[in-house]
Amino acid sequence: MAKISIENLRHSYLPEPTRDEDFALKRVHLDWADGGAYALLGPSGCGKTTLLNLISGLLHPTEGRILFDGNDVSALTPEKRNIAQVFQFPVIYDTMTVYDNLAFPLRNRGVDEGEIAKRVASIAEMLELSSSLKTRASGLTADGKQKISLGRGLVRSDVNVIMFDEPLTVIDPHLKWQLRSKLKELQQRIRRTMIYVTHDQTEALTFADQVVVMNNGEVVQSGTPIELFDKPRHTFVGHFIGSPGMNLMPCEVKGSKALVAGAEIETANAKSAKGGKLELGVRPEFIQLAKKGIDANIVKVADIGRMRVVEARLGNGQPLKLIVPEGEDIPSSNVKLAFDPSHAFVYVDGWLAGDMRGSSTAVGANS
Amino acid sequence: MKKTYNNKAWFFVLPVFIMVAFNALVPLMTVVNYSVQETFGDNVFTWSGVQWFSDTLTSDRFHAALLRQLEFSAIVLAIEIPLGLFIALNMPKKGFWVPVCLVLMSLPLLIPWNVVGAIWNIMALPDLGLLGRAINSLGIPYNYTRQPYSAWFTLVLMDVWHWTSLVTLLCYAGLVSIPDAYYQAAKIDGARPWAVFRYIQLPKLRHVMTIAVLLRFMDSFMIYTEPQVMTGGGPGSSTTFLSLDLVKTAIGQFDLGPAAAMSLIYFLIILVISWLFYTLMMRNEEA
């Protein structure tokens, strides 16, 4: 187990990168505590798997360092780094039994058979594989195989970190949920550092204590699920997390207020907004139907069970979505909307106004 | 629901049926026809029952040819399969050299079989050929027209040269289709190269290796052209394999009946061995 520090990490798949665009990963700084559950969240091609492979040692960084407990491991092989990784597609050794699969990493390290038997038995029990230890691994279903991949990581007691690269991709939907809660439960029980890569916000937000949102090779925000929801530091986070995502409206700024469609809206941070492209961002959860407020027309109402998603248009045609709880009346005309001032944010060029930009991007922008 | 019968569909199958009939069924039935009759020319046939089959099965000459054939296939497989696999494992997986290696490997496969025989025939000539001269100059007596072991050595070498590429290409295709994650997982699990080969590459190559062994077995068991051009079955009858023996019987001696019986037995042997092998290889598939 280890505390992981990532310093100034950059990576390019090209032999001689020069421009910023040549980098699949643009300057990342992260500090992860020992025993935490972390998620790397972002769309396909955002660099999250690159970052994961850099941490595991399958790739070596073009620039920067990776430290495990303060020791530089950047140049070490995956084996020397003592990490475990679960891949997108279950990797098992077809010809071996489940037992031999789980024992494989220990046997390669010359652990004696008595000790192996003990460890495999305890891991198999944890993963509910005890009954199939003697069967051939190739006969198992996808989720069983994925458990074996995980088990091969858990069986070594000294792994620094266990990494998951979209591990639920090939799992049936009804088993996804089960395996996900199993993972979370395991994490809390054994308290090993785990890093989970996914493009699915539900998976990331339910698994991790700390979620790192990535886009275009940079970290746009790192925080708890609540922080990401309450105060997105980038419009990308606002849009990517939450369903429906954050409403973004082009705006102007006047004092602490934002001007949208001729209306003045009280915001949390308009004072510090200067220059650039200005946008007002408000999550649908923080817009209410009200007696007085901004005029709007309702375009569409979608019932999603315990609440309804209402699509509305402001006077200038600007579309936005809000969430209305079940049972509340939706007026057909003369609709007024109220924005929660503490959750209405102004973004400058995509970044939260007044907020210190992520160090990763601040440095990246200069180079 | 009522099934609709539309027999017009058979017309669409008819061309294929006719083709298959002329290609396979009619010739095969002709052979079956010959195998149970005696002929003295002039299209006069007399019934002989299973005479030719029992003659063939008890013939020393047939036994000897069959044994030579089995030995040849065994030797050739024992060399080509491991060698082909070894080359495939050591071929580059990406970069400039991949197409170069692939083209080089496919070259022997593109040469017509009788030309292969001719090339080696000339190359192995003890007085003129490069190979023949070289071996003799090392002090090893070598003459494939006089010494059975020289003839065998040359034939095996020629077949290895000609066909190892096929095994290599099949194995290579199998190897490059193994996802990277397997190698990465093995690295993380601390597997040594031998373990990677034993537990990842070999199991994943099982299907292509089965195909490779089957193809090489069938081809080597039916080999005709190259030894015909190279040694003509000699010296003596030391390299007279089943196919050469069959042709000698059928066309050399014009013993159509025995030759037909022999070819049917020959065919059955290949069928049975291939089936046995395939069943054994695939037996553990879903265990």
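A salt bridge is counted where a side-chain nitrogen of Lys or Arg lies within 4 Å of a carboxyl oxygen of Asp or Glu. In this predicted model, D94(A) forms such a salt bridge with K204(B), with 2.9 Å between the closest N and O atoms, and the count between chain A and chain B is three salt bridges. The model is read with residues numbered from 1 along each chain as its sequence is written, and with chains lettered from A in the order in which they are written. Local features need pLDDT of at least 70, side-chain atom pairs count only at pLDDT 80 or more, and totals for chains, interfaces and linings use all residues, while side-chain values use heavy atoms, with hydrogens and water left out.

The size of an interface is often given as the accessible area lost when the parts come together. Here chain A and chain B bury about 1,800 Å² between them, 57% of it on carbon and sulfur atoms, where buried area is the accessible area (1.4 Å probe) that two parts lose on being put together, summed over both. The contact (heavy atoms within 4.5 Å) takes 22 residues from chain A and 19 residues from chain B. Seven residue pairs, both members at pLDDT 80 or more, are in polar contact across this interface; a polar contact is a pair of N or O atoms within 3.5 Å, of which, within protein, one must be able to donate a hydrogen and the other to accept it, and residues adjacent in sequence count only if both atoms are side-chain atoms. On the side of chain A that touches chain B, α2 (78-81), β6 (83-86) and α3 (98-108) each supply at least two residues.

Chain A contains 10 helices and 22 strands, taken as DSSP runs numbered from the N terminus (helices H or I, at least four residues; strands E, at least two). Its C-alpha trace spans about 75 × 50 × 30 Å along the principal axes. Of the 367 residues in chain A, 52% are buried, a class that means under 20% relative accessible area, with exposed over 50% and partly exposed in between (1.4 Å probe, protein chains only).

An open sheet of four strands in chain A has the order β11-β15-β21-β22, with antiparallel pairing; two strands pair if DSSP finds at least two bridges between them. Because β11 (247-250) and β22 (351-352) of chain A stand at the edges, each with a single partner strand, one side of each is left without a neighbour in the sheet. Strand β21 (residues 344-348) of chain A is joined to β22(A) by two bridges, and V348(A) has W351(A) as its bridge partner. Elsewhere in chain A, β9 (residues 210-215) and β10 (residues 218-223) pair in the antiparallel sense over five bridges, V212(A) having S222(A) as its bridge partner. These strands, β9(A) and β10(A), form a hairpin with two residues between them, and N216(A) in the turn has a positive phi of about 50°.

Most residues other than glycine have a negative phi, and most peptide bonds are trans. E128(A), although not a glycine, has a positive phi of about 60°; E128(A) is found in the loop between α4 (113-126) and α5 (142-154) of chain A and counts as exposed at 54% relative accessibility. The peptide bond from S243(A) to P244(A) is cis, with omega near -5°, and P244(A) is placed in the loop between α9 (235-240) and β11 of chain A.
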